Amino acid sequence: MSTCDIAELTGKRHDHVVRDFRDVCEAVEITAPSFGVGCLDANGQERIQYSLPKDLTTTLVSGYSIPMRHKIVMQ
């Protein structure tokens, strides 16, 4: 799932999702990808987005809210 998709799903700003993704990478001691592709933010400006594997997507998104965490667990 991309960081843009996660921002849209959670209602968070994309730059905050990217920041949180980098924090997750640091916490689990992996190197954040140094590459990305462009996406448009809510203001129509192009931003870098990352494509996350399922484990990092789940780790990131589940930290945002208990209802979201529950939805992930129930899948």
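These legends go with close-up views of a predicted model.

**View 1. One side of helix H1 is tucked away.**
Start with helix H1, where Thr3, Cys4, Ile6, Ala7 and Thr10 are buried. These residues cover an arc of only 160 degrees around the axis, so they sit on the same side of H1.

**View 2. Thr10 reaches back along its own helix.**
Zoom in on Thr10, which belongs to helix H1 (residues 3-10). A polar atom of the Thr10 side chain lies 2.8 Å from the backbone oxygen of Ile6. Now look past the residues up to four places away in sequence: Thr10 also touches Val61, Tyr64 and Met68.

**View 3. Gly11 comes after the helix.**
Gly11 follows H1 and has a positive phi, near 75 degrees. You'll find Gly11 in the loop between H1 and helix H2 (14-27). Is Gly11 buried or exposed? Gly11 counts as exposed, because its relative accessible area is 67%, and the cut-off for that word is over 50%.

**View 4. A lysine meets a tyrosine ring.**
Here the charged end of Lys12 sits over the ring of Tyr64. The distance from that charged end to the ring centre is 4.7 Å.

**View 5. Two aromatic rings pair up.**
A pair of aromatic rings is described by how far apart the centres are and by the angle between the planes. How many aromatic pairs turn up in this model? The count is one. The partners are Phe21 and Tyr50, with ring centres 5.4 Å apart and planes at 45 degrees, so this pair is called tilted. The pair links distant parts of the chain, 29 residues apart: Phe21 is in helix H2, while Tyr50 is in the loop between strand S2 (46-49) and helix H3 (54-62). Both Phe21 and Tyr50 are buried.

A disulfide is a covalent bond that joins the sulfur atoms of two cysteines. Searching the whole structure gives zero disulfides.

**View 6. Glu29 has a positive phi.**
Most residues other than glycine have a negative phi. Glu29 isn't a glycine, yet its phi is positive, about 60 degrees. Glu29 is in the loop between H2 and S1. With a relative accessibility of 72%, Glu29 counts as exposed.

Gln49 belongs to strand S2. Gln49 is buried, because its relative accessible area is 14% and the cut-off is under 20%. Although Gln49 and Ser2 are 47 residues apart in sequence, their C-alpha atoms are 6.4 Å apart in space. The two side chains make a polar contact, at 3.1 Å. Setting aside neighbours within four places in sequence, Gln49 has several other contacts besides Ser2, including Thr3, Cys4, His14 and Val37.

Methods: Residues numbered from 1 in each chain as written. Predicted model: local features only at pLDDT ≥ 70, side-chain atom pairs only at ≥ 80, totals over all residues. Heavy atoms only, no water. Helix = DSSP H or I, 4+ residues; strand = E, 2+ residues; numbered from the N terminus. Polar contact = N/O pair within 3.5 Å; in protein donor to acceptor, adjacent residues only side chain to side chain. Contact = heavy atoms within 4.5 Å. Buried < 20%, exposed > 50% of the residue type's maximum accessible area, 1.4 Å probe, protein only. Disulfide = S-S within 2.5 Å. Phe/Tyr/Trp six-rings, centres within 6.5 Å; stacked < 30°, edge-to-face > 60°. Lys NZ or Arg CZ within 6 Å of the ring centre and 35° of its normal. Arc of directions from axis to C-beta.
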